[in-house]
Amino acid sequence: MSVDWRQKLAARAKRGRSRNPGAASAPRVGVVTDSTAALPDGWAESAAVTDLVRVVPMPVMIGDQIYGEGTDRMIGALALALAQGSEVRTSRPSPGKFEAAYAELAAAGCSAIISLHLSAHLSGTVDSARLAARTAPVPVTVIDTASVAMGLGFAVAAAAEEARDGGSATSVEAAARAATASSTLLFYVPSLEQLRRGGRIGAAAGWLGTLFAVKPILVVREGKVVPLERVRSAPRALARLTELVQQEIAARSGRVRVAVHHFGNEAEAERLAGAIAGDAPDAELMICSLPAVLAAHAGLGVLAVAVVGTVTDPAALPAGPVPPPDAAGTSSGTTTGTPPVTQPETRA
């Protein structure tokens, strides 16, 4: 089947380059995130959007070697380690990394910063951001998005687009929260082993007794990885994942964006994206590799799909309606004074 979603994405990016040229003269709001946002090449419509974003990398430790996100050497080493069952660990960034990102944006003329991060149930990263925000040269609002991958990345994109158009810190924060509240992240893993090792499976732990017979479809709900469905074979699991994504898209209206993530199985991701595009030709679709820091926990062969857009039929969402971050009690407002900080040692 011929798929033209790449051409449509490129055309949209070209149109975006000339948008709102006067916005650059307004007080700027910067956006900071971490590398679990999975922002791929071409995620933004223009350089004016990417200029407002800073991504703090999260380290991956393979054996006694520490790797930075995104290098070919690290990707190859991680794939080999996962295939061999070798020890792979991840770590949150230090507060100093966030301090540097905040200072850089302030020096570039930003008068405020919105800092968006993966779920606190999956990592202590948001704690590092909150610590750094206390001494930042401009006000920083730190938000736990209760999501990850492009479930987080789409919130970053929404915030950066609003900032590019001259939005205030309040409106940029609102754009990020709206994207988070209207997003779903579904994923399939051939095995729960890597998630079990990293302690990320939560309510899926009860499935471990039948690992050999289960091909799980999981969802990130209220910041936690929870089981959605159990399927008995990989082909059926992929077919069911496609159906679930199509239902998620059908329950939304207006601008609907979809990201298909993969690690070590790009051909499967291409087929999944083709099936999605065939059923929902108006959705904006992209394919991107899962960041190493997430692949380290999901394992080889993972397929994840993030969907974001205004939900018009909550009852039709197969993963159930996702509450906004405030409703889940997982986000924070502008960091002032001395907020409580937890630093769980077992989380990346």
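Predicted model: local features only at pLDDT ≥ 70, side-chain atom pairs only at ≥ 80, totals over all residues.
Residues are numbered from 1 along each chain as its sequence is written, and side-chain values use heavy atoms, with hydrogens and water left out.

**Exercise 1.** Find which strands join strand 11 (residues 252-262) by bridges, and in what direction each runs.

*Solution.* 
- Terms: helices (H or I, at least four residues) and strands (E, at least two) are DSSP runs, numbered from the N terminus. Two strands pair if DSSP finds at least two bridges between them.
- Strand 13 (residues 303-311) runs antiparallel to strand 11, with 8 bridges. There, Leu303 is the bridge partner of His262.
- Strand 12 (residues 284-289) runs parallel to strand 11, with 6 bridges. Its Cys288 stands opposite His261.

**Exercise 2.** Determine whether Arg252 and Glu248, which form a salt bridge, are buried or exposed.

*Solution.* 
- Terms: a salt bridge puts a side-chain nitrogen of Lys or Arg within 4 Å of a carboxyl oxygen of Asp or Glu. Buried means under 20% relative accessible area, exposed over 50%, partly exposed in between (1.4 Å probe, protein chains only).
- The closest N and O atoms of Arg252 and Glu248 are 2.7 Å apart.
- Arg252 has 7% relative accessibility, so Arg252 counts as buried.
- Glu248 has a relative accessible area of 0%, so Glu248 is buried.
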